[in-house]
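Me: I'd like to learn how to read side-chain features off a model. Can you walk me through a few?

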Amino acid sequence: MKDLLKSYAIITLGSVIYALSFDWFVAPNQFAMGGVTGLAQIVHFWFPSLTVGVAAALMNIPLFLIGWKKIGGHLLVSSLYATIVSNAAIDVLNLLFDFQPMDSILAALFGGGVMGVGLGLVFAQGATTGGTDIIAKLLKLKWPWLPIGKLVVIPDVAVMLLVALTFGQLSAMLYGFIKLYTFSKSMDAVLYGTVDSRVAYIISDRWQELSGMLLRDQQRGVTLLQAQGAYTGEEKRVLMIAFKQKEIVDLKRRVYELDPGAFLILCDARDVLGNGFSAYRRDEI
């Protein structure tokens, strides 16, 4: 029960942040919206008697049912909760505060960033705010290696193009693309974290001393790779070591103190699983 309450508290916070970003940055500057909201705007344009809210609700019903069947009941309950909270927060915040238009570039950059943080918190708890967020989670089942932030962008871009064609709002669509970019980046940062891990490849004739130093002083495991120089044909040992970003300066200093002629390659590592790093999660998105 404690974990469940914590999860729904995070969903609430993420939904409110999402709503705040919409009211503060998106709505006052009239950016083109993607997702079900954008489709509902198009439907309302062609059928004025059908309001945007009703059209969005009708389109969400089959998406929720498909999501329930493919992903599970938790998605339906938590996503309905997130949808209700975010929609209610949009209306309440709009009543409490008079949000004015601002510089369009700033609104697109910060609006997308803040919205991505809010939706990232919601996604991290296995929920969505409905609409194309559910489509993104379904696409994740087919292409699990793609970050969820990029999968959210795919249906949103398609809808924004339709909105632009329907209403002739080219500039609003272009600002919307900027918002989508920062939205995708900030969401992935929340879900997957920033790149904090590195991998080093060290080629040195003093590999034994370097290996001992890394094991003893850096307290990191070292893997020895067999290699051969293409030009000289000499047998070589390559040291491979995974380490944290904060250790990079100390690692370089220690390597070059032992062997100034060492050949050192440093690479980003998005996911490092194992002792001293992160653990594998079966349900990660």
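Reply: Let's begin with exposure: buried means under 20% relative accessible area, exposed means over 50%, and partly exposed is in between (1.4 Å probe, protein chains only). At 34% relative accessibility, R206 counts as partly exposed. Bear in mind that this is a predicted model, where local features need pLDDT of at least 70 and side-chain atom pairs count only at pLDDT 80 or more, while totals for chains, interfaces and linings use all residues. Residues are numbered from 1 along each chain as its sequence is written, and side-chain values use heavy atoms, with hydrogens and water left out.

Me: Fine. Which residue does R206 form a salt bridge with?

Reply: The general idea: side chains of opposite charge can pair when their charged atoms come close. The rule used here asks for a side-chain nitrogen of Lys or Arg within 4 Å of a carboxyl oxygen of Asp or Glu. R206 pairs with E209, and their closest N and O atoms are 2.7 Å apart. E209 is partly exposed, at 40% relative accessible area.

Me: How many salt bridges does the rule give?

Reply: The count comes to six. Take K236 and D205, whose closest N and O atoms are 3.3 Å apart. This pair links distant parts of the chain, 31 residues apart: K236 is in strand β3 (residues 235–244), and D205 is in the loop between β1 (197–203) and α9 (207–218). As for those labels, helices (H or I, at least four residues) and strands (E, at least two) are DSSP runs, numbered from the N terminus.

Me: Is D205 buried or exposed?

Reply: D205 is exposed, with a relative accessible area of 64%, whereas K236 is partly exposed at 22%.

Me: Where do R253 and D250 lie?

Reply: Both are in helix α10, three residues apart, which is about one turn of the helix. R253 is partly exposed at 40% relative accessibility, and D250 is partly exposed at 26%. There's a network here too: salt bridges link D250, R253, R254 and E257.

Me: Now rings. How many aromatic pairs does the structure hold?

Reply: First the rule: rings of Phe, Tyr and Trp (its six-membered ring) pair if their centres lie within 6.5 Å; planes under 30 degrees apart count as stacked, over 60 as edge-to-face and the rest as tilted. The structure holds four such pairs. In one of them, W24 and F99 have ring centres 6.3 Å apart and planes at 35°, so the pair is tilted. W24 lies in helix α1 (residues 2–29) and F99 in the loop between α4 (73–96) and α5 (104–124), so the pair ties together parts that are 75 residues apart in sequence.

Me: Is F99 buried or exposed?

Reply: F99 is buried, at 17% relative accessible area, while W24 is partly exposed at 39%. F99 also pairs with F97: the ring centres are 5.9 Å apart and the planes are at 50°, so that pair is tilted. W24, F25, F97 and F99 form one aromatic cluster.

Me: What does A262 touch?

Reply: Contact means heavy atoms within 4.5 Å. Leaving out residues up to four places away in sequence, A262 touches I202, I203, S204, V255 and Y256. A262 sits in the loop between α10 (248–258) and β4 (263–269), and it's buried at 8% relative accessibility.
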